[in-house]
Every structure is written in structure tokens, then in C-alpha cells.
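Subject: Structure handover

Hi,

Here is the structure I promised to pass on. Please open it beside this email and follow along.

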Amino acid sequence: MRTQAPRQPLVLRDYQMIAEACQRASRVRIEGAAYYKIGELLSKNKRDTLHKSIPYFKKYLNISRRLQDLQGECKALNVLGCTYYSCMNHEKEFGGSMVKADILRTALEYHQEHAAVADAAGIFIAQSNMGLCYRALGDLQKASECYKSAMQFAVRSGDRVAEALALSNLSDVGTLQGDIQTAQVCVERNLEIAAATKDSRVGCESYEQLGTLAMLKGDYAAATEGFLTGLEVALVE
């Protein structure tokens, strides 16, 4: 009995040929999907080809908008924002036309556009990513505002995993701002979520954050207890 050889996954050149053929045949939707796959493949090698994925994600965005494909538009805006963010330290790949702050502001603009057209889940993602951009730009106040907005969407949707992420981000920014009290409240709420959802990862990270906050307050006994409890939770998992 003859067995069929396993089908090989498509490679970069295959998707380039698909995109070219679909462009000639006016099969716009498949052309756009091919551009996205090209960008995805190029972005896997973050060191050498990440920046080369951007033009293909932009083509996918343009096609999604032409087709009035809102889901595709949101997907493209998110991936463009994340790709620019990941390129923040790759200034030389932009030929000297952009410095780190320019790259981050471009990432921020895409995430803002995403937030403007997304559903509630998409707004949570966009606001969280905007917070990351503002934090990298050194604007901790705006980062905090974005994380608070993200948390509000998470609470309204009842998504405790998303709420825990927003609280963790708020705690980190609060710590950087020297607002230990706010950071402490966020961490304690995260411990409640960890206990309710039996999420050991969130519990471990929260105890470690408690240890860090205790160190900042000079309470080294409490810091040790927090770190050890976090280690115990991790070991149980």
C-alpha cells in the first residue's frame, strides 16, 4: 500500500508567489493573507529580518481596510504596533531615519488606532500595549492611565486573567513612580485572584512583588517571607 509523503509547510518564497499570482488575478483577500504570512515568517527571526516584516503587515492592513475587514484591520494594527515595539533597539535597521523614541511613537500610534476600532477585548490589548510604549518612553503617568483603562475593561468583561495582567502592570508602574501603596493594593488584589482561580503563576509573581515592595520599604523580614513564599508556590507547581 502506497503511503502519501507528509505535506511540507509553505516557505517564504511560496507565499511570495501566492501573493504575486493573487495580485494579478485580483484575488485580493488571499493576496492579503499571503502578505500577512510573509510578515509572520520574517518576524520569526527577530535579529535579522523582523524589520523587513513591516512592509508586508502594512500591505495586509491596507487590503483589510479596502475590504472593510474590521477583524483583519485590528489584527494588522496590533501586529504592526507590536513589531515596531520589538524593533525599538534596532535603529540601524531603519537606515538612520528613526531613533528609538520615533520607533516607539510609531508603535504607540498603531496601538491607538487599534484601540479606536477594536471591541472590548481588543481595547484591553491595545491599552496594555500603549502602556508598554509609554513606559518605554519614560512617561509613567500615561502608562499608568493606560493600564487602569485596561483593567476597567477586564473587570467589566469578568476576565480575571486579563485583570491580573493589568494589576501586575499597574503594580510595576506604581513601584517605578515610588507609589508603594498603590503597588501594594494591586499585588494584594492579584493574590486574591490567584487564590480564586488557583493560578500558581500569578500567585508566585505576586509574592515576589510583595517581597520587592517590602525591600523598598526596608522591611527585610517581610521581603524574605514574600520571596520564600513565592518560591514555595513555584515548587508546588
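Below is what was found, starting with the whole chain and ending with single residues.

**Ground rules**

This is a predicted model, so local features need pLDDT of at least 70 and side-chain atom pairs count only at pLDDT 80 or more, while totals for chains, interfaces and linings use all residues. Residues are numbered from 1 along each chain as its sequence is written, and side-chain values use heavy atoms, with hydrogens and water left out.

**The whole chain**

The chain has 11 helices and 0 strands. Both are DSSP runs, numbered from the N terminus: helices are H or I with at least four residues, strands are E with at least two. Along its principal axes, the C-alpha trace spans about 70 × 55 × 35 Å.

Of the 237 residues, 42% are buried. Buried means under 20% relative accessible area, exposed means over 50%, and partly exposed lies in between (1.4 Å probe, protein chains only). The chain exposes about 13,700 Å², and carbon and sulfur atoms supply 52% of that area. Accessible areas come from the Shrake-Rupley method with a 1.4 Å probe; for residues, only the protein chains shown count as cover.

Now contacts, meaning heavy atoms within 4.5 Å. Take those between residues at least 6 apart in sequence: 47% join residues at least 24 apart.

**Helix α1**

Helix α1 covers residues 12–24. Its 13 residues should span 18 Å at 1.5 Å a residue, and the end C-alpha atoms are 19 Å apart, which agrees. The expected span is 1.5 Å times one less than the number of residues.

Which residues of α1 are buried? They are Tyr15, Ala19 and Cys22. An α-helix has 3.6 residues a turn, so residues three or four places apart point the same way. Helix α2 (28–44) is included in what covers the buried residues of α1. After α1 comes Ser26, with a positive phi near 60°.

**Helix α5**

The 18 residues of α5 should span 26 Å at 1.5 Å a residue; the end C-alpha atoms are 27 Å apart, which agrees. Its buried residues include Ile103, Leu108, Tyr110 and His114. Their cover includes α3 (54–66), α4 and α6 (120–137).

**Rings and charges**

There are 5 aromatic pairs. Rings of Phe, Tyr and Trp (its six-membered ring) pair if their centres lie within 6.5 Å; planes under 30 degrees apart count as stacked, over 60 as edge-to-face and the rest as tilted. Tyr84 and Tyr110 are stacked, at 5.8 Å centre to centre and 15° between the planes. This pair links distant parts of the chain: Tyr84 is in α4 (residues 70–86), Tyr110 is in α5 (residues 100–117), and they are 26 residues apart. Tyr84 counts as buried because its relative accessibility is 5%. Tyr110 counts as buried at 13%.

Ring pairs also join Tyr36, Phe57 and Tyr60 into a cluster. The charged end of Lys75 sits over the ring of Tyr36, 4.1 Å from its centre. That needs NZ of Lys or CZ of Arg within 6 Å of the ring centre and within 35 degrees of the ring normal. Arg156 has its charged end over the ring of Phe153, 4.8 Å from the centre.

Ile125 is in helix α6. Is Ile125 buried or partly exposed? Ile125 is partly exposed, because its relative accessible area is 39%. Leaving aside neighbours within four places in sequence, Ile125 contacts Asn78 and His114.

Best wishes
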